[in-house]
Amino acid sequence: NEYKSYLRMDIVIIGGGISGIVQARWLLEFARSARITIIEQEDDFGGVWDVERPKGVMNCTKCNVSRYSMELLGLPWPPDTPNYPSHTAVMDYIRSYAEKYITPDINVLFSCTVIDVAMTENASYLVTYHSDKASGGGANCTIRATHVVIANGHSSVPHYPIGTPFDKEFGHISHACGYKSYKKLGLFNKKVLVIGLSFSAVDVAVDLTKGNNEVTVFTRNGKWFTPKTDARGRPADLGVPRLFTLLPHSLQSILLKLNLNFRYFNQNNWKIPTSKVDPVSGGISSSPEFVTLVQDDTINVIHGTLGDVNHHDGGVSVRVNQVSLDFDHVIYCTGYEIGMEFLDSNIRTPIFCNDNHVNLYLSMYPTQHTNLSFIGLFNVRFTSPFQIIDLQAYYNAQIIAGVRSLPAPHDMEEDIARHNNYLRQSCQVYRGSLFVESDYRSKLATLMGTTPSVARMALSPSLCVQYYLGPLVWSNNFLDNNAYARNAKIHLDHTCRIVWGDCWFLKVSFVVVLLIGICVLFSALLISWASGLF
């Protein structure tokens, strides 16, 4: 039952998760005459945040960044939302955003799976998808598009280390991708090994203890941990200012390590192996429940070298640090492959490398194919991916509408090479690393034209303080945009009061003046010493 319908569509968005609907919202604003189609393989918006989907979030998933960092421009969270929302609250938030911004002008195709994206001779694209709702039990349909935005995420294809045995017969090995709860896997009173110490590994380990399982977590390099709140009960992620993200990587690592060890606790006293690499490169996890369970010996954390993994009808034998250990079940929390097999090989091969990296300018644009872009294909530190998605979609809408233009291909290739070099130097594991640089937000805001000018900040000291020392929330990115600057200033002022109190400007100004005074005094002493020496 193959049916092809060639329709002249301007823009096709692949994916109806948070990336897809935010992109559609900004396209409606900047490209009002365009015809927009969203293709979503499920029957509703939501993406991986829909717990009912096979590869959606786990029942035990908890947000590791606060709702202030996850707020999108134009839709405040309900006032009664906890600082760290549940996955159910996030799902409701996403669907509320869709209800507000996905208008009838957008053609939404639910229950449709994209099977091919190919480029034509005239630089347009043919997007072929399979529609489950078509007459006759399903059909293949093709849309001709001038622009294609791929926004289907990168958390649906599990990555297993090379040599991992797959035991479909026994079912003793699984992956965090698709994990829902210990009940779904029937894990009660079992010995379970969790491989990895990422956010998903921590959530899986904590959930497994509820089934009275004996849980062991293996980590190769250790991990840094931080509480979700500071000593005054404020969300910890609000304490990271923009100025910190603009510092050199080495200085970021020093300051962050001091903060983790002395402001909160000395991590060397824990039973969790301290990361062998700095907290910026190795990443930080946040789970008070996990830390408590480790200290109570409910969860055992081991680190070192992982050897052969062999399954048998009674369980799994794992060699750790040259010692063979037996478990009833092993759960890999080892990340994801990029996937996107629907892309034609002529498009996919130059973009995706063998080591699971991408060659994309600004983590969005391939240099070889015009009018093709990716939204949400990244990992981020210090803030929520929601904010970065908002910025990417805003800037991409400007590019598609012709408000902004991309650099020459040669310049984009140079930037890609520089970024890949940054990943090699700053990431704990280069393979599969999709991290953007810490100043990525500032770079995008500058390209978008929403960064306040130096003259404006000079005339408004409070704006300057808020911009550089204020928390990383959406309003910090739109302080010089005609349509949103006023609301952004009000929102940022409100968030600063949450972090610093009502008299925030006086407090912060005093600290800034004090630090400047110390620097001036130190410089004067240094100059005096140097003058006396010579």
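A crossing of two helices is called left-handed if the near helix is turned anticlockwise from the far one by less than a right angle, and right-handed if clockwise. The legends below describe a predicted model, in which local features need pLDDT of at least 70 and side-chain atom pairs count only at pLDDT 80 or more, while totals for chains, interfaces and linings use all residues. Residues are numbered from 1 along each chain as its sequence is written, and side-chain values use heavy atoms, with hydrogens and water left out.

**View 1. Helix H1 against helix H3.** H1 passes H3 in a left-handed crossing. Helices here are DSSP runs (H or I, at least four residues), numbered from the N terminus. H1 covers residues 18-30 and H3 residues 87-101, and the two pack at an angle of about 25 degrees with their axes 10 Å apart; axes are lines fitted to C-alpha atoms over the stretch in contact, and angles run from 0 to 180 degrees between N-to-C directions. H1 and H3 are therefore roughly parallel (angles under 35 degrees count as roughly parallel, over 145 as roughly antiparallel, 65 to 115 as roughly perpendicular and the rest as oblique). The contact (heavy atoms within 4.5 Å) is made by Ile18, Ile21, Val22, Arg25 and Leu28 of H1 together with Ile94, Tyr97, Ala98 and Tyr101 of H3.

**View 2. Helix H1 against helix H11.** The axes of H1 and H11 come within 8 Å and cross at roughly 40 degrees, and the two helices are therefore oblique to each other. In this case the crossing of H1 past H11 is right-handed. Among the residues making the contact are Val22, Trp26 and Phe30 of H1, and Phe386, Asp390 and Tyr394 of H11.

**View 3. Aromatic rings around Tyr394.** Ring pairs link Trp26, Phe30, Tyr394, Trp474, Phe478 and Tyr484 into a cluster. Rings of Phe, Tyr and Trp (its six-membered ring) pair if their centres lie within 6.5 Å, and planes under 30 degrees apart count as stacked, over 60 as edge-to-face and the rest as tilted. By this rule the count comes to 16 aromatic pairs. Trp26 and Tyr394 form an edge-to-face pair, at 4.7 Å centre to centre and with 75 degrees between the planes; this pair links helix H1 to helix H11 (residues 385-401), across 368 residues. Both Trp26 and Tyr394 are buried (under 20% relative accessible area, whereas exposed means over 50% and partly exposed lies in between, with a 1.4 Å probe and protein chains only). Tyr394 also pairs edge-to-face with Phe478, at 5.3 Å centre to centre and 75 degrees between the planes.
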